[in-house]
Amino acid sequence: MNKTIIININGFVFHIEEDAYEILKSYMTDVKRHFLNSADSHEITTDIENRIAEMFTEILARDNKQAIVEQDVNAVIEQMGKVEDFEYPEDGQNFNNAGPFNRGTRTLFRDGDDHLLGGVCAGLANYFDIQAVWVRLAFFISFMFFGVGFFLYIILWIVVPKATTRADRMAMKGQKLDLHGFKKNLEDELTAVRGSLSDLGHDAKPFIYKTRDFFGDFFHHLGVFFGSAGRVLVKMLGVIVLMTCFSLLIALIVMIIGFLAYGKMGLYHIFPFNVLEYQLNTVILIAAFLLLAIPLLVVIMLILSAVFNARGLNRAAGSTFLSVWIITLGVVIYYTAKVSADFRHEEKFSQSISIKPTASNTYYLSLNDVKYLSAEDSVRLSIKEHFNNRVILDDDDADDVESPNNVSIVIEKSDVAKPVLVESFSARGRNDADALANAQSTTYQFKQQDSVLKFNRHLEKPLNNLWRNQEIHLILKMPLNAKVIIERPLARYIDNLNIYQCNDINKQHDAPSTTFIMTADGLQCKVDTLVTVKPYLK
Amino acid sequence: MIVENTQTQMRKGILEYCILSIIGRDETYASDIIAELKQAQLLVVEGTLYPLLTRLKNNGLLTYNWVESTSGPPRKYYTLSAEGRNVLEQLDKTWQELVFAVQTAVKKNNSL
């Protein structure tokens, strides 16, 4: 006694024993898979099913029974033939049915069949089994980051061999090197040739293809040169590139360890780090490190494997590197975008400060070069909390990096009879309110001591505020006929005066100060008729 | 590999010619074609025939009628279309030429 199953073949119902059903089912699965890639697969399998149904009906009638058993199914399959015995597969049919899932290991080659320049991107795409367009995109983006992509591309072009033989091309695409593989490869290729013949008119046009032909020629000749000069040159080049990469990598590692261990405090005011929140610096540092180190590492490994036949990158490591690198690239792009959004709006506000007129109508403009902070300054800058009571020296060197020229002074004629200083603060921010808040949080120290007007060299911002291009524009308005004596250190902060020219006229190139007179047309150089007196030189 | 390939190509062409020729005689059912081809030792299994018939039909050389059957599903009976008939005539001619060509070439080989 056996269990039977009821099956329906295109509208005809049969009782079939369980064992027989399993055989029939696996046979039909094979048949369907065999014709899977054929355009007529449905029609063909339906024909075959109908024929099977007919044979079953005949068998049941002949033997005068009600259920199909195992021998019946085997007899039908014998009549119909096993899939392996089907001859003459149609064009485009996947005969061995290896499919894209059952691939051998791949070898890195440059793809000469699908290239824009040297076929490096297509080769990498083949290696990682992704579409070439993504690799090209990644290279293009990395071109913009310090040209990483460019150098990587050139190096890969030189060290990665081009797939020349059919076996190379198949190894590149991970196809098995057997008879079926060869046959499939040949068929694919013929289809591609037919396709490209019809596309020829379209392909011939774009500029990039012409450029490619030119570069192709160039590198072909370069290749011939290297070929004739022997592999020695290539190996020497490999060694040079390898050593460069190694030293860059070591430098990078030393730098990141240095920064992470000691450098944080000293780093916060240096350019790329002063725009970001302090806590994020570590993230940015690591991202930047990986962004630079991974290509170097990959280049080193590729050179080792290509030139010195060492074991190269395997696919898993390659994919990991690529994904980590893309992630770090994403991180850097994200923060760049975020920070640039914080610079989108600019706001400014102005305030006027009255300056006490002096009896002599003479003013000395000097740079506040007090290196030690005053008692008020200490309180204002919360010295105790921030610097552990250490003595703070003014850091001249930090000027240019932290806040490039954030103080500028213009001297104009005053409309009233006394001098006025207009302080105009400006800053950037993610919106107008933010920008204004950034501008308002800054302070500027200006002091008048009788006839001496002391300008500070810095615009000061609270320690935890980020650099948002905070600037101060000072407009010093001087009454008519005022005598303005500008001391030399202040000269570089003043925009609208050519102090050096005035010194030239007076033949006092090293004068510690320069004298101007305010006229109706603005400040004029006071030409000293007694140049020999040199009252300020001791 | 080359031998295999050549054999496949030769058999493929001849098989198509024979199928057209068999259908050209009369309206024919697939299993009748199989029977004849098996007799001629050109074909061993039925599975090979169905894709070929479908392709010839899609190329416009064959048409078919559904005919009710007492033993199972309705059957497809194939006939040649006008174009199919035209192709068959050309193939007949080509076959004669090929027979002549092969005989001549092989005869020369044998006489050497």
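Colleague: Great. What kind of model is this?
Modeller: It is a predicted model, so please read each value below as computed from it.

Colleague: Okay, rings to begin with. How many aromatic pairs does the structure hold over all chains?
Modeller: There are eleven aromatic pairs, counted over all chains. One of them joins Tyr127(A) and Phe128(A), with ring centres 5.1 Å apart.

Colleague: Why is that pair of Tyr127(A) and Phe128(A) called edge-to-face?
Modeller: The planes of Tyr127(A) and Phe128(A) stand at 80°, and an angle over 60 degrees counts as edge-to-face.

Colleague: Which residues do ring pairs link into a cluster?
Modeller: Phe139(A), Tyr153(A) and Trp157(A) are linked that way.

Colleague: Let's hop to chain B. What sits over the ring of Tyr64(B)?
Modeller: That would be the charged end of Lys76(B), 4.8 Å from the centre of the Tyr64(B) ring.

Colleague: Nice. Changing topic: how many disulfides are there over all chains?
Modeller: One disulfide, over all chains. Its partners are Cys502(A) and Cys525(A), whose sulfur atoms are 1.8 Å apart.

Colleague: Where do Cys502(A) and Cys525(A) sit in the chain?
Modeller: Cys502(A) belongs to helix α19 (residues 499–505) of chain A, and Cys525(A) to strand β13 (residues 522–525) of chain A. The two are 23 residues apart, and the pair links distant parts of the chain.

Colleague: Which hand does the disulfide of Cys502(A) and Cys525(A) have?
Modeller: It is right-handed, because the torsion about the S-S bond is about 75°.

Colleague: How accessible are Cys502(A) and Cys525(A)?
Modeller: Cys502(A) counts as buried, at 1% relative accessibility. Cys525(A), on the other hand, is partly exposed, with a relative accessible area of 22%.

Colleague: One last thing, are Cys121(A) and Cys245(A) buried or exposed?
Modeller: Cys121(A) counts as buried at 7% relative accessibility. Cys245(A) is buried too, with a relative accessible area of 6%.

How values were computed:
Residues numbered from 1 in each chain as written. Chains lettered and ligands numbered in written order. Predicted model: local features only at pLDDT ≥ 70, side-chain atom pairs only at ≥ 80, totals over all residues. Heavy atoms only, no water. Phe/Tyr/Trp six-rings, centres within 6.5 Å; stacked < 30°, edge-to-face > 60°. Lys NZ or Arg CZ within 6 Å of the ring centre and 35° of its normal. Disulfide = S-S within 2.5 Å. Helix = DSSP H or I, 4+ residues; strand = E, 2+ residues; numbered from the N terminus. Buried < 20%, exposed > 50% of the residue type's maximum accessible area, 1.4 Å probe, protein only.
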